[in-house]
Amino acid sequence: MIEPLEIAALVEKFASGRRGKSAALKYAIRQGVTERVLRPNDELPSTRRTAAALSMSRNSVIDAYEGLQAEGVIETRRGARPRVCALPSLEPTLAGAERPITLSTRGKVLSDDHRAGYVVGRVDAFSPGLPDPALFPRDDWAVALRRAARRDLRGLDHYEAYQGLPALRTAVALHLKRHRGVSVAPEQVFILPNTQSGMALLCDLVTDAGDQVLVEDPGYAGARALFAAKGLEVAALPERVHRLTDGPGGQRGAAPEHRARLIYITPSTQYPSGNRMQLRRRADVLAVAEARNALVIEDDYDGDFVWRGADVPPVFALDRAGAVALLGTLSKSIMPGMRMGWLVVPPRLIEPVQRAHRTLGLAVNVSVQAAMADFLTDGLFARHLRSAARTYRDRMATLTAALRETLGEAGRVSEPDGGLQVLLRFADHVDDVAVAEMLWDRGYELLPLSRLCLERRKAGLVIGFARANAASSVKLGSAIAGAVSQR
């Protein structure tokens, strides 16, 4: 039989400092069983003796014992002392035998590091694609959040609005019409945690492992990593898209080497070049999608910051066959950590996307949605974008001018049509990975262009300018020039 002083020793060993005597006693006995200090069928002292030894009320001991009995750790019977239960399910753990979990084939593919070489994990003033957090309108956002938290959503704070709050979906549709020239019904809009989840959802709906997806070359590494993790064959979208539908000798017909089920493009602001896809190429992509019965994923990731040709609508606006899904973000332009994006699908995909969206659990916090709906409806989102765009345009000009001055013939840079990064091009023989590694040692996180290429290697660096200033830009340009000269 276990003596009261032994129970006191267990409490001292396992539960010293824990708040609540009853909780401490329960925890100590549970740990004693887990670590085999207490063995199956060991008798515990009565509640009265335990209470006396621990200087606690008997009712507290009774509460602890009853909790342990409910957990199946001990058993109690009238007229008998409590006994430790036999717990065979704990034996492997108690014996120290670790049982590794075997990953499935899908799990192995999903858990591979598909981003190796793309993302280095540190953020600095020139990290590509990130907004300046100092420009975020925190006071306006705080007001919107407080108001949303107090609002009675009339049942929509349960599961009725899984697709997204109607007010936010309506506000997104209106924003797209005013600022991107796209007319959609709120029913076509889905609110997501981020654009990556939208890509994953669409992949699951229209592709199987082994299917082909065509991507821009060079192109966005995050999308490429996701497609690889889904088991898709990632291939480069040809420079001349008609090759996908022209057979041998230029005859019209399906080219057997291309069997794309998905086509991923960033036409408004191509990543990483920052250039806009020409109208002829947009039409060609649509023709290919129709001929292949493929789905086009149009990522409008930087559609909020278009420096030239803002009146050019997305490819989605040209689609008449329901072949394009449009992705965008409500957070990347102001605060990426907010984690909120949107997906617009053609009418024929509304129902399957609704079901998949719910099955995959892609709902977004309703209070944040309500705040964002107000932010859009009250014009605060658009006001912030206008103000930030003026600042970013100036910083883009500052960085490009500094790079031209400091680099001379060592690199070529031009202002992009949109986005928050510029592409600095080197001669193709330059080892841009080595240059980026040297700059990493000096505190810069810049993305080598060659890591974004699939078929034809090109050299350069992708550089963000959202937090650039004159002094830091000149310093960066000098650092790049020094690194290139050593390569």
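The following legends describe close-up views of a predicted model. Residues are numbered from 1 along each chain as its sequence is written, and side-chain values use heavy atoms, with hydrogens and water left out. Because the model is predicted, local features need pLDDT of at least 70 and side-chain atom pairs count only at pLDDT 80 or more, whereas totals for chains, interfaces and linings use all residues.

**View A. The largest nonpolar core and Ile480.** A nonpolar core is a set of buried Ala, Val, Leu, Ile, Met, Phe, Trp, Tyr and Cys residues joined through side-chain atoms within 4.5 Å; buried means under 20% relative accessible area, exposed over 50%, and partly exposed in between (1.4 Å probe, protein chains only). The largest core holds 84 residues, of which Leu168, Met372, Leu461, Ile463 and Ile480 touch the most other members. Helix 14 (residues 380–407) supplies the largest share of this core, 10 residues; helices (H or I, at least four residues) and strands (E, at least two) are DSSP runs, numbered from the N terminus. A second, separate core of 27 residues includes Leu201, Ala223, Leu226 and Leu327. Contact means heavy atoms within 4.5 Å. Beyond its neighbours within four places in sequence, Ile480 is in contact with Leu403, Leu407, Leu424, Phe426, Leu439, Leu446, Leu461 and Ile463.

**View B. Thr195 in helix 9.** Thr195 lies in helix 9 (residues 195–206). With a relative accessible area of 18%, Thr195 is buried. Residues up to four places away in sequence aside, Thr195 touches Leu327, Gly328 and Thr329.

View C. Asp374 is placed in helix 13 (residues 366–377) and is buried, at a relative accessible area of 13%.

View D. The structure holds 18 salt bridges, each a side-chain nitrogen of Lys or Arg within 4 Å of a carboxyl oxygen of Asp or Glu. Glu71 and Arg30 meet at 2.9 Å, N to O; Glu71 is in helix 4 (residues 58–71) and Arg30 in helix 2 (residues 21–34), 41 residues apart. Glu71 is partly exposed, with a relative accessible area of 40%, and Arg30 is partly exposed at 25%. In another bridge, Arg395 and Asp132 meet at 2.8 Å, N to O. That pair joins helix 14 to the loop between helix 6 (105–111) and helix 7 (138–150), across 263 residues, and both Arg395 and Asp132 are buried.

**View E. Aromatic pairs.** Rings of Phe, Tyr and Trp (its six-membered ring) pair if their centres lie within 6.5 Å; planes under 30 degrees apart count as stacked, over 60 as edge-to-face and the rest as tilted. The count by this rule comes to 7 aromatic pairs. Trp141 and Phe375 have ring centres 5.3 Å apart and planes at 85°, so the pair is edge-to-face. Trp141 in helix 7 and Phe375 in helix 13 are 234 residues apart. Trp141 is buried at 7% relative accessible area, and Phe375 is buried at 1%. Phe305 and Tyr392 are also edge-to-face, at 5.3 Å centre to centre and 90° between the planes.
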